[in-house]
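Here are a few notes from my pass through this one. Have a look at the structure first, then read on.

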Amino acid sequence: MINKLVANIKKTGAPIVVGLDPMLNYIPKHVQDKAFAEYGETLEGAAEAIWQFNKEIVDKTYDLIPAVKPQIAMYEQFGIPGLAAFKKTVDYCKEKGLVVIGDIKRGDIGSTSAAYAVGHVGRVQVGSKTYVPFDEDFVTVNPYLGSDGVKPFVDVCKEEKKGLFILVKTSNPSSGEFQDRLIDGRPLYELVGEKVAEWGSEHMGDEYSYVGAVVGATYPEMGKVLRKVMPKSYILVPGYGAQGGKGKDLVHFFNEDGLGAIINSSRGIIAAYKQEAYAKYGEENFGDASRAAVEDMIADIRESLEQK
Ligand SMILES: O=C(O)c1cc(=O)[nH]c(=O)n1[C@@H]1O[C@H](COP(=O)(O)O)[C@@H](O)[C@H]1O
């Protein structure tokens, strides 16, 4: 899957990922009204609204982008119907040729991590039958329980040729509270970055490893250091747009080959129609606003890389 991700990035020339994080209040009224008319103001109605919203955004952007990142929390909040909309979104995006990064941020004791890995990137045995439950291409993993919480994910991904993005330095304001703590004079996130490089060296694709990292766009100086600590790991960089990250902050997340990083924007793309810059499209044409926001994001990153 890392080879497909790299190929898709080369094909589109767009090292970006659209975050499918559908909150109900981003969904235009006409989409909600239609879903509620069919299913009532129920969890099913909400799930239908987020599915229709996602579908329109994917239809309007899939030719420009290599990958999407549905954040499972946004679906889980609507219970079982929400999870069904998550799965429908995963399958639809794959049909469209997109790489799907399931943002699930799991990580637990070994046996529990193994079950998470099987459910999201592996296959499960039921009697004589085998199923691929969620079937994302990559998932995000929280490594802060230690190696035995990560290894089951690596093992399943090796078998299935799927990939991981492991949280190293997160984009949120409090991420330094624990992740920046010094151990023998070195920040914890750097030590985690070294482990990512080690896990990744055991699971290489053609150019890059199947084991990538997450480093927030909001910490560009740390990104510069981590780029060198994990030269063969793709870095998923969230925090562009809504959290304040800009193209010029991101150049050092990339390697000299122009590859090695993929920048996520969720609200900045899916709720573009609510921003002044794209208001001219109107709520009815929210998909066109998202497409314009994707084009602008690609241009911003390209220009920044050219000026590097
Ligand atoms: O793993 C992630 O994707 C992630 C890690 C991180 O450090 N910060 C972060 O914002 N994210 C996710 O990236 C997305 C960011 O959304 P926007 O701020 O709307 O672009 C959300 O789905 C977050 O859960």
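This is a predicted model: local features need pLDDT of at least 70, side-chain atom pairs count only at pLDDT 80 or more; totals for chains, interfaces and linings use all residues.

1. Let's start with strand β1. Both of its faces are covered: Ile-16, Val-18 and Leu-20 are buried on one side, and Val-17 and Gly-19 are buried on the other.

2. Who are the partners of β1? It runs parallel to β12, with three bridges joining the two, and Val-17 sits opposite Asn-264 of β12. β1 also pairs in the parallel sense with strand β2 (residues 67-70), this time over four bridges. There, Leu-20 faces Pro-70.

3. β12 (261-265) turns up again at the ligand, as one of the elements giving two or more residues to the shell, along with β3 (99-106) and α11 (267-270). The shell holds 21 residues, and the closest are Thr-170, Ser-171, Pro-238, Ser-266 and Arg-267. By class, 14 are polar, four charged and three nonpolar.

4. Is Ala-213 buried or exposed? This residue of strand β10 (residues 211-215) counts as buried because it has 31 C-beta neighbours inside 10 Å, where 20 or more is the cut-off. Setting aside neighbours within four places in sequence, its contacts include Phe-165, Ile-166, Val-168, Leu-226 and Met-230. Tyr-62 is another matter: it lies 151 residues away along the chain, with 24 Å between the C-alpha atoms of Tyr-62 and Ala-213.

Key
Residues are numbered from 1 along each chain as its sequence is written. A residue is near a molecule or strand if its C-beta atom, placed from the backbone, lies within 6 Å of it. Ala, Val, Leu, Ile, Met, Phe, Trp, Tyr, Cys and Pro count as nonpolar, Asp, Glu, Lys and Arg as charged, and the others, Gly among them, as polar. A residue is buried if 20 or more other C-beta atoms lie within 10 Å of its own, exposed if 12 or fewer, and partly exposed in between; C-beta atoms are placed from the backbone. Two strands pair if DSSP finds at least two bridges between them. Two residues are in contact if their C-beta atoms, placed from the backbone, lie within 7 Å.
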